[in-house]
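Have the structure open as you read.

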Amino acid sequence: CTGNGICKCRVCECFPNFTGSACDCSLDTLPCMATNGQVCNGRGTCECGTCNCTDPKFQGPTCEMCQTCLGVCAEHKDCVQCRAFDKGEKKETCSQECMHFNMTRVESRDKLPQPGQPDPLSHCKEKDVDDCWFYFTYSVNSNGEANVHVVE
């Protein structure tokens, strides 16, 4: 029973948190926990302590690696820039293209949401059209609503 149970009459009786005919399947989800606090980054299922990624773009031990993804920060940079500062490549089309998220302004970087919240959170540092850095976070809540917090 791979040390995770007791053999009785040729059948394994598994200790708590183990299952399978040889008690070789851990029910512990801790090895599947992604850095955002979600099991398998919300993009897979935890089976026997290992992530089975269900989104084909994502891979790795916690389904956090995406070779083809632009990245949340780069993807939303232009929209955050035009909504928050009224400049950038999407300035003219901002009201048509960039209303897909709720935006909150904060005074400083330490006022941005921090990891540990229930929603997946990305911290972003991007350069604007004037070659200045600006900071924002991007998260999606359980209702599928995108929320951006941007430093003024």
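Ser122 stands opposite Tyr138, which sits in β9. The strands β8 and β9 (residues 133–140) run antiparallel and are joined by 7 bridges. Strands here are DSSP E runs of at least two residues and helices are H or I runs of at least four, both numbered from the N terminus; two strands pair if DSSP finds at least two bridges between them.

This is a predicted model, so keep in mind that local features need pLDDT of at least 70 and side-chain atom pairs count only at pLDDT 80 or more, while totals for chains, interfaces and linings use all residues. Residues are numbered from 1 along each chain as its sequence is written, and side-chain values use heavy atoms, leaving out hydrogens and water.

Zooming out, 4 strands make an open sheet with mixed pairing, in the order β7-β10-β9-β8. At its edges are β7 (101–106) and β8 (121–127), each pairing on one side only. On average, neighbouring strands are turned by 25° against each other, direction ignored. Helix α1 (residues 72–85) packs on this sheet and touches β7, β8, β9 and β10 (146–151), its direction making about 110° with that of β9. Contact means heavy atoms within 4.5 Å; axes are lines fitted to C-alpha atoms, for helices over the stretch in contact, with angles from 0 to 180 degrees between N-to-C directions.

Now the cysteines. Counting a disulfide as a pair of cysteine sulfur atoms within 2.5 Å, there are 9 disulfides. Three of them look like this:

| Pair | S to S | About the S-S bond |
|---|---|---|
| Cys32 and Cys46 | 2.1 Å | 70°, right-handed |
| Cys79 and Cys98 | 2.0 Å | -65°, left-handed |
| Cys82 and Cys94 | 2.0 Å | 75°, right-handed |

Cys82 in helix α1 and Cys94 in helix α2 are 12 residues apart, and both are buried (under 20% relative accessible area, with exposed over 50% and partly exposed in between, 1.4 Å probe, protein chains only). Cys79 also lies in helix α1, and Cys98 is in the loop between α2 (94–97) and β7, so that pair ties together parts 19 residues apart in sequence. Cys79 is buried at 3%, as is Cys98 at 0%.

Which cysteine has its closest cysteine sulfur 8.2 Å away, too far for a bond? That's Cys9, with Cys7 holding the closest sulfur; Cys9 is exposed, at 78% relative accessible area. Cys132 is in no disulfide either, with the nearest cysteine sulfur, in Cys82, 17 Å away.
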